[in-house]
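Subject: The model we talked about

Hi there,

Here is the structure I promised to pass on. Have a look at it first, and then read my notes below.

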Amino acid sequence: MLETLLRIDRALQALPPRMRETFLLSQLDGLTYSTIAAQLNVSLGSVRKYMLKAASALLVSWFLGCLVAWLLGCLVAWLLGCLVAWLLGCLVAWLLGC
């Protein structure tokens, strides 16, 4: 859980400041786009653009994080499989007196 929160925080920190602020006002504070536009003194279209780009960036960040975790998991599983196969081979060779 903590690792997930840290990953989200890193992804949010990677966003440009105005985009991050817009995203947080919407998602954490629950403000409407029109309220955010008025509060930040930007157009409603800008708020929509910031939200779309922020959501896209966070989705890409999440996807890449999952992909890396999956690839590392596959690598570890493969290495463990190789190790187990090698150990079993050694055991069989020892038992057969090779």
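Below is what I found, going from the overall form to the inside.

Please keep in mind that this is a predicted model.

**Overall form**

The secondary structure comes to 4 helices and 0 strands, and from the N terminus on the elements run α-α-α-α. The C-alpha atoms fill a box of roughly 80 × 20 × 15 Å along the principal axes. The radius of gyration is 24 Å, while a compact globule of 98 residues would have one near 13 Å.

Of the 98 residues, 18% are buried. The accessible surface comes to about 7300 Å², and carbon and sulfur atoms hold 73% of that. As for charge, the protein has 7 positive and 4 negative charges, and their mean positions lie 11 Å apart. If we take the contacts between residues at least 6 apart in sequence, 43% of them join residues at least 24 apart.

**The core**

Which residues have the most contacts inside the largest nonpolar core? They are Leu15, Phe23 and Leu58, in a core of 14 residues. The elements that give two or more residues to this core are α1 (2-14), α2 (17-27), α3 (33-40) and α4 (44-96). The largest share, 5 residues, comes from α4.

Leaving aside neighbours within four places in sequence, Phe23 is in contact with Leu12, Leu28, Met51, Ala54 and Leu58. Leu58, one of these partners, is also among the residues with the most contacts inside the core.

**Helix α2**

In general, an α-helix has 3.6 residues a turn, so residues three or four places apart point the same way.

Not counting residues up to four places away in sequence, Ser26 touches Leu31, Tyr33, Ile36 and Met51.

Best wishes

How values were computed
Residues numbered from 1 in each chain as written. Predicted model: local features only at pLDDT ≥ 70, side-chain atom pairs only at ≥ 80, totals over all residues. Heavy atoms only, no water. Core = buried A, V, L, I, M, F, W, Y, C linked by side-chain atoms within 4.5 Å. Buried < 20%, exposed > 50% of the residue type's maximum accessible area, 1.4 Å probe, protein only. Contact = heavy atoms within 4.5 Å. Rg over C-alpha atoms; globule rule 2.2 N^0.38 Å. Areas by Shrake-Rupley, 256 points an atom, 1.4 Å probe, with all protein chains shown as cover. Lys, Arg positive; Asp, Glu negative; His and termini not counted. Charge placed at Lys NZ, Arg CZ, Asp CG, Glu CD.
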